[in-house]
Amino acid sequence: WKQHSKGTPLESAFTDRYAGMFRNINVRKGAAAALYGRHIYPVLTPGRCRLNVSGLPLKAADAARDAAAFAEYCLG
């Protein structure tokens, strides 16, 4: 995540000072439909996303794609 979130609104959630298995990030309207439409299934509540940091695919290209999708809907 740290590598893929660099330069995006997600970057602040993946610093060396932020530990733990989950990130609870703010997301903009439309995040649920967009992410679920891409077959990415985080736990979403209105305006928030509970992101499991172990949830990236193993293939680098797929991981980059999924991280970019989160970054697109994340509010920094």
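1. Before going on, a word on what you're looking at. This is a predicted model, where local features need pLDDT of at least 70 and side-chain atom pairs count only at pLDDT 80 or more, while totals for chains, interfaces and linings use all residues. Residues are numbered from 1 along each chain as its sequence is written, and side-chain values use heavy atoms, with hydrogens and water left out.

2. Now the rings. The whole structure has 3 aromatic pairs; rings of Phe, Tyr and Trp (its six-membered ring) pair if their centres lie within 6.5 Å, and planes under 30 degrees apart count as stacked, over 60 as edge-to-face and the rest as tilted. Trp1 and Phe14 are stacked, because their ring centres are 5.2 Å apart and their planes sit at 10°. Trp1 comes before α1 (2-5) and Phe14 is in the loop between α1 and β1 (22-27), so this pair ties together parts that are 13 residues apart in sequence. Helices (H or I, at least four residues) and strands (E, at least two) are DSSP runs, numbered from the N terminus. Trp1 is buried at 13% relative accessible area, and Phe14 is buried at 6%. Tyr36 and Tyr41 are stacked too, with centres 5.7 Å apart and planes at 25°. Ring pairs also link Trp1, Phe14 and Phe70 into a cluster.

3. Next, Leu56, which sits in the loop between β3 (48-52) and α3 (60-73). Leaving out residues up to four places away in sequence, Leu56 touches Trp1, His4, Ala63, Asp66 and Ala67, where contact means heavy atoms within 4.5 Å.

4. Which residues line the largest pocket? Among them are Trp1, Tyr41, Leu56 and Phe70. β3 gives the most to this lining, with 3 residues.

5. Last, the cysteines. A disulfide is a covalent bond between the sulfur atoms of two cysteines. The rule used here asks for a pair of cysteine sulfur atoms within 2.5 Å, and the count comes to 0 disulfides. Cys49 is buried, with a relative accessible area of 0%, and Cys74 is buried at 7%.

How values were computed. 1 Å grid on protein atoms, 1.4 Å probe; cavity = no way out; pocket = protein on both sides within 12 Å on 5 of 7 lines; lining within 4 Å. Buried < 20%, exposed > 50% of the residue type's maximum accessible area, 1.4 Å probe, protein only.
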